[in-house]
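Have the model open as you read.

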Amino acid sequence: MNLLENLYKSLSHEKIWGPDGLTPLNNFKANSGGYTACCPNPAHPEKKPSFLMKEGIPAGKCQSCGYHLTWFDAVAIQSGHKDCRVKGRDFWQVLNNLANLDGGLQLELTAEDKAKYETQHEIQDLYNNLSKYLHIQLLESTWAESTRKYLTQREIPVNYLPRFPMLGFYPSIETIEQYLLSEGFSLEIIEKSNVLQKCFQNNCLIFSYKDELGNTLGFKGRKPSLKIKDIKYQKGFKGEIKDRAIMGLECCSIAVKDSTKAVCFEGEFDWLTAQTATLKQYDRTAEFICFGGSDVKPTKLETLKKAGIKILYLSFDPDQAGKKATREAIKYSEQLNLCPFVINLPAGLDPDEFIKSQGLEAFKNRAKNASTAGEWLKKEFLQQYPDLKKENLEKAKVDLLEEAHKHKGLVLDSFLQSTSKELNIDNELIRQIIEKQYQKLHSITEAKPLKKSLPDIPAQEEFLIPDNWILNKNGLVKLVQTKEGIKEIAIAPAPFYISSRSANIDTGQEKLELTYLRDDLWKTSYEERSILMDHRKIVQLSSMGFPVDSLNCKEMVNFIHNFEAINDKILPKRSTISGFGWKREKGVPFFVMPGKAYGTERSIVFEPEGLGDERLARALRPEGNIDNWLRGIRRCIDYPRVMFLIYSSFTTPLLEILDAPNFIIDNWGLTSIGKTTVMEIAASVWGLPIKELGGIIIAWDATKVSIERLACLFNFLPIFLDDSQTANEKVIAMILYMLANGVGRFRGALKGTQKTSNWRTIAFSTGERRLSEVTEYEGAKARIISLYGPPFKTEKQAELIYNIKSDIHANFGIAGPMFVEHIINKGYHESYKDLREQYKNTALELAKLGKDNVSDRMSQYFAAVQIAGKMVEELFKFGGEPEKIVRTMFEYTCGENKERGDYPQRALEHIVSWVQGNQNSFDRQDQLATVERGEIFGVIREGDYIGIFPHKFKEIIKKSEFDNSSILKAFKERTWIQTTKNNFTCLVGFRSKVVRMIKILWPAINNIWS
């Protein structure tokens, strides 16, 4: 983590663990290279200091019990967090406690950055935890028996396995998942960590790779088989992470304390064999580490340097791959000022084979007599020329120059000194030739203007072609220094360059714009930077005509990287967004719509993440003129509910300014009463209101994920969901809870990490049933404003609706952006103290009118609408009275005029009223029904119950505003009806028979029956 690394640079062991530190340790003393103290492990009480803290490493380790502790974990434990497991706010609390030691570092991070660091920290916790668990599985699990036998066959006895904490066993995906869940890790974090990989089930012998702090970076899996050497990396354990990972570093950390040296092996079993032999002979660890293969990268050596190692003894396999790895290790050691030696083994013997056959002492003698890097390079170089006659001698002198180019410092000195004697050539002469060739190469290939090579290219005049490259109409050419001189190597058959760069404000991801020549036309394409910088991924761009293939892909990535680097300061840069609404950059807020950003001069471009996003963005457009739209809105002045919804549509950009919560407006009732029309009126504020033409109104029949994406896209804009009866009740319930809380689900993504979604919105819904009866979440219910019945109460409803639709269907999407501009012009987006105060006072006044237990919360929603309504009337002068309209609607919802009873209560009253009106069709205690046979509805037993035949009950409910299944379920939950198992009916006596009826118990209707 860059954040932690930057923070650690300003701290020290004394500030953390010293006598006056944040978490003081007993007997804290300075020693050579760092400090010592008594071990902080509660299970290891001691009086003599054995806890070692190296300078520059923000962690310590006990030389006696192996207990490892970082500064972060120490502060987490001191803060009361069990096992250092911290998440969310606790993570930042620990971080700030550390920062305060340096005068209070200012950690100004965006929510996205915070989420990223929290996620990284939790995944690191998971890796560390899992590494320990896998080790225990290898020691104890019966499933690991075959793996233990395999290790024994490889001469790694079982009794030594506890000494190798990097060794583990992967039992099964299910077992690992259960364990991680039991440890408190979420499914999202487990999925994101990529530790549930199928390849590990067969490759179940696990090697954990760590960094210098002891943090697990990744895992390698191997089949426990002598016949098959099949290595599988954990998905994601690649690139920079893999390149700095070392196996066995935690075991040798004590051994390198004084010696500051390490013996570097190529393979895991070379390391295991050597370490086991050391334990057998001395019962202590040695300075052995494992690179995990012949692909040596500079970052691996940087890891060793950070761990305190200064001298490297390279003992790679004596094959071509091992020799290449040795060369690379020598080269990178020079760059990092490390001192490399090479252990020479007999031809054909790997280190583990040598140790098994000749013993550890023989290997130690080989290490004592190891060659310097220069001597080894000389030996390998001269092996190519066994017969140094005249012809071979001249070729060797030329090759020596090429080889010498790769080295510097002491290695170059010893290499040239020993080799030049063999070739009878002047050492200083070689150095002069190397310097001249460098100067000549540099003068030929210095950066040149792009326009000079390609006058017709649509690029900026200032763009440069990087050193060592040629770019012209024939394509891309690389200049390479060879024995014969500078050679031109054709890379691509057509020219291309990077023409601009973009950064997404929402995700932080960068893209580069590629401009390339295809069929004599310059084409452009914006691609993710992660694709253009990965030679395996860039090949996929060949499908659009970009001149890349599997052979030139690495050089193409190299050129793109060089071109961007040399033109970085002049490269045009633009900002993109993947969602609308309020954004903030460098502390300045502005509001983004598809066609324009309000409140900033910057050019902001919408970058859709899919075709659905692009369609919705097109629907958020202006059309027609404002006067014609206002004409339609002014037709609604006499209808408070309609005006309330119009004001509510304008409210969404104010939610954050007012610090008001999300809420949902539910227009429900029977069909053909104007519900959809009212939604279209509210939608016309922002864009195309016609659902059938791809407008911003969408059907309720959608997935939870798609609604979550819609909420992210329409952040600070209203959401319009039509016809709730078409969707599954469980899905609706989850969506309501999600929308109301304004937080999406945390999950992984196909492309890297998907951030946790947050939004502020007002959701408008229509349907034939009441939304609050669908969800069981009380928090969601309290966020729903339910509006029942027809919004237009007039005899000329059809004509009125026709006229309104004529206006808003042709004129829309103008008022919303104008309102945003009004907010910005008034300065409310930056200075909102007065507006918030006004909002709070309005909410308090409305709350006094409430007559139920949700009035306080409801008053916040209505207050936000009232504030927006007053601003809207100030701007557009509809002619409405926001205070009066909002008060009327609030009283209708929460006050004296509130519709009597809740949904089940109204349904019960409706049924009782129907029973009372049809008493002649019911048998009573003293008389039978007076209708003809076949039309009897049930029985009435006053003081006891009312029984209704199920088919009749369903028929009556169906003709009303209510939903049969919802009502029966609610009646059962409130014990208003007597039921049997898995049934809403029960047996009732009827004319000397027993039949099934809906049995409504008398206590439920006692206050209703008259």
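## Strands around S40

How many bridges join strand S39 (residues 986-990) to S40? There are five, and the two strands run antiparallel. Keep in mind that this is a predicted model.

S39 and S40 make up a hairpin, with two residues sitting between them. Take a look at the turn: Arg991 has a positive phi there, about 50 degrees. Phe990 has Lys993 of S40 as its bridge partner.

## Other partners of S40

S40 (residues 993-1001) also pairs with strand S37 (residues 945-948), through four bridges and again antiparallel. If you want a spot to check on screen, find Ile948, which stands opposite Ile998 in S40.

Then there's strand S38 (residues 977-978), joined to S40 by two bridges. That pair runs antiparallel too, and here Gln978 stands opposite Lys999 of S40.

## A helix pair: H27 and H29

Now over to the helices. Two packed helices are described by the angle between their axes and the distance between the axes. For helix H27 (residues 640-651) and helix H29 (residues 675-683), the axes come within 8 Å and cross at roughly 35 degrees. The crossing of H27 past H29 is right-handed.

Who does the touching? On the H27 side, Val642, Leu645, Ile646 and Ser649 make the contact, and H29 brings Val678, Ile681 and Ala682. Sorted by type, the contact residues come out as six nonpolar and one polar, with no charged ones.

Definitions and conventions. Residues are numbered from 1 along each chain as its sequence is written. This is a predicted model: local features need pLDDT of at least 70, side-chain atom pairs count only at pLDDT 80 or more; totals for chains, interfaces and linings use all residues. Side-chain values use heavy atoms; hydrogens and water are left out. Axes are lines fitted to C-alpha atoms, for helices over the stretch in contact, and angles run from 0 to 180 degrees between N-to-C directions. A crossing is left-handed if the near helix is turned anticlockwise from the far one by less than a right angle, and right-handed if clockwise. Contact means heavy atoms within 4.5 Å. Ala, Val, Leu, Ile, Met, Phe, Trp, Tyr, Cys and Pro count as nonpolar, Asp, Glu, Lys and Arg as charged, and the others, Gly among them, as polar. Two strands pair if DSSP finds at least two bridges between them.
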